[in-house]
Amino acid sequence: MMNFIRILVSVFVTVETLFSCLVGGVSLKTVDMPEVETGKYTKYVDPFIGTGGIPWTCGMLSPAATTPFGLVRLGADTCFVGGGYGFKTNTSGYYYEHGHIKGFSHSRLSGTGAEDYSMFRVTPVTGTNEPGSMPYSHKNETASAGYYSVYLPSVACLAEMTASVHTGVHRYTFLDKDDARLYIDVTSSTGNRTASNATAEYDEQTGVLTGYCLLPGQFAGRYDGLPTYFAAKFDKEIKSFEIVGDENNLGVDVNFGSIEGESVELKLAVSFVSKDNAILNLETETKDKSFEDVRKEAVALWEDRLSVADIQADDETKTVFYTALYHSMTMPSNFTDVNGEYLGFDKQAHVAEGYTYRTDMSLWDTVRSTHPLYTLIAHDVQEDCLKSLVEMTKQGGVNAVPRWPQGAGYTSSMFGDPANIMITESYIKGFTDFDVETLYNAMKNTSDNRVDRDGRDCVEVYNEYGYIPQDLAGREESVSHTLEYAWQDAALAKLATLLGNEEDAEKYGAKAMYYKNLFNPETKYFHARTSDGKFVWNFNPNITYFYDMVLIKKFADCYSEGSAKQWRWNALQDIDGMIELFGSKEYFVDELDKFMKAASPSRGGIDPGAGYWIGNEHDLHTAYLFANAGRPDLTQKWVRWTLDERFSTDINGLDGNDDGGALSAWYVFSSLGFYPLAGTDQYWIGSPCIDSATVTLSNGNTLKITANNQGDKNVYVKSVTLNGVKLDGVYVTHEQLMNGGELVFEMSKTA
């Protein structure tokens, strides 16, 4: 079915593209595309992975040019003929199955279910034509780390993109004799949205074009919009210049005359603070630099970040690995201008002193894998995020740590207090150079009280009953919310202990056990209950939340983005206690194994089903739970199955949304042979799929990983040693890894 849907979409794209080319007299013949230099690690990055497939289960990624943890992600905004997008084709603005490009905008969210940014779209135009959607062919399209290019036959133009942190750099080579023009849509936004309050001004003396808009994105619209400024400069003399439209539909049409065979370079910098800061970002990052200069700098930045893991494996594994590492470093975004200023949650300008203020943290997802990865190999970014959360909490006005901060505001996306997990884990791992008391007090506030923004839904009844009664739930998903709140309260209890607050530790430690209140001893599932203590009648573990959304709306509405089966394994704060609820380790293992075998037959399928689904966050850890029940061999089997079957070099190379790098980080960890138990300093031991790796840790130490006799069939770990000492337990600790040395796996084809 999945392949049929993909074929159907591809046929539609091909037909509509060929039709529009026929009507417009355009040829999609292959042209010689530029060859760009990559490095030792960037040559294995394929930004097209995760950009296509079934629309609602694709990776939601983009091949846009960007720098590690940068702000600008400059790339194509694709569409169907006429400018339509279809149903949730790709929230990043780029969908591989689209046949047309509307232009090239300056940022987007990476791998998420939300549409945001897509500001200041640039469209090449020729002659007297109006800007519009342009057909293209993937044969005439390339992308690598820090670079994107595509040939647009309808305007006979080669478009190339690269980026610095805050500045997108464009190069357009026009092959037509007609006037070459660039149209900048000042009010562009994601999907069918349009920015407002736009202005634009051209300074003929300096040659700098500046502008402003209020972005209304899917998230930004939740906090009344994101004020956004730009400053742009061209390297060619302008023949004519026109600002067209009004504040709600504003464009700038720049005409360079007939420049057949020549290129125009455009540098456009973004700031969320002021026009002056946008100009400063532009000058500081790109003054006197050519397109090639900026591109080479971007590649060098990526080489430096990716070099933290030097792996030995076959080329396909290297491509999946380094692309996953690349995607795990695309967000969080650098929201700090070159002078240190940033736009805070109070919509005022502030200065980040001694750190970089970062935003766009998909914390409900990234606390499980991406942030633990930063604690190992990107200490600077993890510390930035902690300090940024402190300022967001101070400036947000509600004393709550945001759970999905985007741009300059609370988005209230997902639920609970996922930041609790990341904050506590960081503190346990030795991150103490941040205002932990501010975050700790906010964590207590959202556990105890109702908070208007990013607080807990139904917190009053949760605290009264020890679970969220389905009949009193102010919204659906009562089981998922209860399980997550308990996990997050466990993190709060741990932090209380670390801070010496034993009374708080006892209080929140008790709340951490609330998850047991929804375990039905008869069904052995977490099961919705009403306020009188009865389990609800309408229970079916084979139906997911997604079916309810479309068809039934009653059997799985107490589970978020999944099924009872997929939420059955979610008590990470008390794994041994959870296993005990099943009655025996043997029964737990048997049920978990059945669950794994119930995975969808195909990666990124049209229907992920109610079984194992690595493509959504509540299942990221499940393969590792076998080890806690005494069956590490099954952990090894299913981890390797997931690595092999749920990741690939295809455009649908992920099994769902990448969610800010969460899924990619799972691959990075698991391929190296270990995976974090989020909220702790422990890592499960798994089954590496690389031959060897040298990992440069954030403290400067080196961890050498060797997987002797590793192969497609040799997935079982006979023994594992760290610096010559055999590891017999389920976990290895953060301190053990950070001390460096050599981690050696002896692999076998039998358990």
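This is a predicted model: local features need pLDDT of at least 70, side-chain atom pairs count only at pLDDT 80 or more; totals for chains, interfaces and linings use all residues.
Student: Among contacts in the chain between residues at least 6 apart in sequence, what percentage join residues at least 24 apart?

Tutor: In this chain the share is 70%, counted among the contacts whose residues are at least 6 apart in sequence.

Student: How many helices and strands does the chain have?

Tutor: The secondary structure comes to 19 helices and 31 strands. The chain is as compact as a globular protein of its length, because its radius of gyration of 26 Å is close to the 27 Å that the globule rule gives for 751 residues. Along the principal axes, the C-alpha atoms fill a box of roughly 80 × 55 × 55 Å.

Student: What percentage of the 751 residues is buried?

Tutor: A residue is called buried when its relative accessible area is under 20%, and buried residues make up 66% of the chain.

Student: Turning to one residue, is Ser105 buried or exposed?

Tutor: Ser105, which lies in strand S3 (residues 100–105), has a relative accessible area of 0%, and therefore Ser105 counts as buried.

Student: Which residues does Ser105 touch, not counting residues up to four places away in sequence?

Tutor: With those sequence neighbours left out, Ser105 touches Arg73, Leu74, Gly75, Asp77, Ser118, Met119, Phe120 and Arg121. The side chains of Ser105 and Asp77 are also joined by a polar contact of 2.8 Å.

Conventions: Residues are numbered from 1 along each chain as its sequence is written. Side-chain values use heavy atoms; hydrogens and water are left out. Helices (H or I, at least four residues) and strands (E, at least two) are DSSP runs, numbered from the N terminus. Buried means under 20% relative accessible area, exposed over 50%, partly exposed in between (1.4 Å probe, protein chains only). A polar contact is a pair of N or O atoms within 3.5 Å; within protein, one must be able to donate a hydrogen and the other to accept it, and residues adjacent in sequence count only if both atoms are side-chain atoms. Contact means heavy atoms within 4.5 Å. The radius of gyration is taken over C-alpha atoms; the globule rule is 2.2 Å times the number of residues to the power 0.38.
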